[in-house]
Structures are given as structure tokens and as C-alpha cells.
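Subject: Structure handover

Hello,

Please find the structure below. My notes on it follow.

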Amino acid sequence: MGKVYFLNNVYPTEECPQMGSYAQTMVDDLSAAGHDVTVDAMFYHKSRVGAKDKAVAYAAFWPRLLRVDLSDYDIVYINHFTYCFPILFNPTLKKSGKVYIHWHGKELVSSSAFNRRLVKLLGKRLAGMRHIAPSLFFKKKILAAVPVETDSVAVSPSGGIDTGLFCPSDTMSGGDCLVIGFPGEIKTTKGADVLLEIMGMHEEVRRATGRAPLFRFISYGPELEAYIPRFKSTGARIEVLPKIPKNEMPGFFRPLDIALVLSSAVIGESLGLVALEAMSCGVPVIAHDICAFPEFIHSGVSGELAPYSDSPQTRAREVFDKIVLVASRRDSYSPRKVVESDYSRESVIDFYKTL
């Protein structure tokens, strides 16, 4: 195994445990695969990080990337290259071993003008490097945006799912309530507008399923304060939980009958780890038939796909139909098997052994 220089723009600290938590999982997987890993990243030490804090951090971080001596590393693993792009101009990069670039959603979505221009500008520099996509969907995105060969892009879920941590409870949720969870950020591009419409159908859900819905979500997201009064105005039962550290998320998933992952096409999810985490806890997922979701949400097995529409009202009606379907045969789903087969941390560790 090799000596790995792992680069990410942020990384967890005790004060900010959520920042780059997926990156820490990837580092742990690289180490479990037998590699000697050195992490380079920005570290924040206060819970609220504003634009000024980020500007100051990048002003110190980017110049440092030009001075790092990479000649002693067997592998340079660049995570989110558009946030760490100065490393491509480091004079010692060519003296290192293999260079891998792990791509993620925010780097190629059309709404990110800076990232899109940077990929276009630096695309030729990436041609001789190896690449990792979180999904087959995103591999196609990379091949369309960057002049690289198909064989140079491998597919591996970002760190994979810790199936020991994300595991079902001993008892099924059941009960008089139909517990519907929304594990994403509260913002429109993550589907908060669709969730609002579904909450407005709570009486229809009760009549169709025989169980009153309880909508469970996390107090997290830039549009939370705007949406909370609107959620309450629907008259639906809601349960708002405080922001939860990643290692405590299984406690959010386990009581659920259904998880809704309603990201819009605008955000361009490169994988959808939160859906896989819910599935690993034995919870069927309803998502739209876009992005990478069709790769792992299989009807009657791990959940259901609802047809996508630009109209939140139409999307909500399609999701409503799937909620009724899942509720009618909840116990027949086996979503964890899909995760164990192709999306576990063990599968990622095996992949990292081949780097």
C-alpha cells in the first residue's frame, strides 16, 4: 500500500464535527485499506462560519497548496478539486505518484458559475489524471464536462455506508402514526417546497393509509425559518429535531416508516448518501427518478421512485401516491440488502486497495 496525501477543503473538528464528515470517512477507509494517509484541509474551530471566515481561511489555504512538497507521496488524492485547484499548479505534483480526483455534485451543477468556468479552464490539466465518480450518473457528467477517457473514471460511493452504525432497530416502527422522515436540509432545492405540499395532504394520507402521518425533520438548512411557519400552517403533525451529528443519525432514521429524499434536478445530487443511510437502517426511501437515485432505489425492494416534474404540486402528488404504496406493504421492503451489496464501507475499502 502507498503513502497518500489526502486533500479536502474542510475537515471535521471537535467544534465543527459536521464539516467534511464524509471526507473523514474516506480517510478512515483509505487507512483501513492499508494506506498511510496525511490529511491537508482547512479546519474551523467555531460553530458559525460566515463568508468572511471562509475568505480568510481560503486566503491562507490556497497559497499553502503551492508550497506543499508532494514528491514523497505515492498517491495524491484530491477531493473537491474546484475548492482545492491551486494544487494543480504545485511544481512537485508531477514528481508524486498517481493523482486521483474525486468529484462531487457542487463541482458540475449548472448553478455554480465559478466551478463550471474553472472546470472548463483547467480541463486539459486533468486529462492525464485518474478520476473517481460517486455514481454512474455522475461519471457521465464528468465525461461530458472534462476531456478524459472513459476508462480513467472509476465509480465508488463517497466513503460508503457504515452498516455497523447505520443499522435497523430490533422492532419495526409500526403504531398508529405513519412516521415520514425528511433527512435533508430545509431549502427549496432539497425539496422543502414539495414537503410543504405533502404536509398539506396530511388528511388525504390518513384516509388512504389508515394512519395519521407524523412528519419528522431536522432543524437544519438556510431556509428553515421561512418554511417552519408554512409547515405549521398546514395543520400536519410535525416533529422538529435539533441538528444531529452524523454518528447519531441512525436514531433519526430508525423510527421512520418512510424517508423522503426530494432533491430537485437543479442541485444535481452526485449520489445521495442520506438516502443510502436511511436504507441501511431498513427504511424504504421515496425519491424522484433523477440523478443517481434510480441506481439504488428499486421498486418493491429499497423504495419507490416518483416521476419528476418542475411543478412542486405535481411532484407532491406523485410522492403522495408512492407514500400510499409503501405504507401498504412496508414490511416487504429490504433496502439494507442493496446497501450491503454495493454501497458499504467494506466495498469502498476493497476499491481503495486497488489504487
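Which residue forms a salt bridge with E185? The partner of E185 is K187, and the closest N and O atoms are 3.6 Å apart. A salt bridge here is a side-chain nitrogen of Lys or Arg within 4 Å of a carboxyl oxygen of Asp or Glu.

Before the rest, two notes on the source. This is a predicted model, in which local features need pLDDT of at least 70 and side-chain atom pairs count only at pLDDT 80 or more, while totals for chains, interfaces and linings use all residues. Residues are numbered from 1 along each chain as its sequence is written, and side-chain values use heavy atoms, with hydrogens and water left out.

Salt bridges

The count of salt bridges comes to 14. Both E185 and K187 are buried; buried means under 20% relative accessible area, exposed over 50%, and partly exposed in between (1.4 Å probe, protein chains only).

K190 and E269 meet through their side chains in another salt bridge, at 2.6 Å from N to O. K190 lies in the loop between β7 (177-182) and α5 (192-199), and E269 in the loop between β10 (258-261) and α9 (273-280), so this pair ties together parts that are 79 residues apart in sequence. Helices (H or I, at least four residues) and strands (E, at least two) are DSSP runs, numbered from the N terminus. K190 and E269 are both buried.

K3 and D72 form a salt bridge too, with 2.7 Å between the closest N and O atoms. K3 is in strand β1 (residues 3-11) and D72 is in the loop between α2 (51-67) and β3 (75-79), 69 residues apart. K3 counts as partly exposed at 26% relative accessibility, and D72 as exposed at 52%.

A network of salt bridges links D29, D162 and R345.

The six-stranded sheet

An open sheet has six strands in the order β2-β1-β3-β4-β5-β6, with parallel pairing; two strands pair if DSSP finds at least two bridges between them. β2 (36-43) and β6 (153-155) stand at the edges with a single partner strand each, so one side of each has no neighbour in the sheet. On average, neighbouring strands of this sheet are turned by 20 degrees against each other, direction ignored. Axes are lines fitted to C-alpha atoms, for helices over the stretch in contact, and angles run from 0 to 180 degrees between N-to-C directions.

β1 and β2 run parallel and are joined by seven bridges. K3, the residue paired with D72 above, has D36 as its bridge partner in β2. Between β1 and β3 there are four bridges, with I78 in β3 as the bridge partner of L7. β3 and β4 pair over five bridges, and I78 stands opposite I101 in β4.

Is β3 enclosed or open? Five of the five residues of β3 are buried, so this strand is largely enclosed by the rest of the structure. I75, Y77 and N79 point one way from β3, while V76 and I78 point the other way.

E304

E304 is in strand β12 (residues 303-306) and is buried, with a relative accessible area of 2%. Its side chain makes polar contacts with the side chains of S299 at 2.8 Å and R329 at 3.2 Å. A polar contact is a pair of N or O atoms within 3.5 Å; within protein, one must be able to donate a hydrogen and the other to accept it, and residues adjacent in sequence count only if both atoms are side-chain atoms.

Regards
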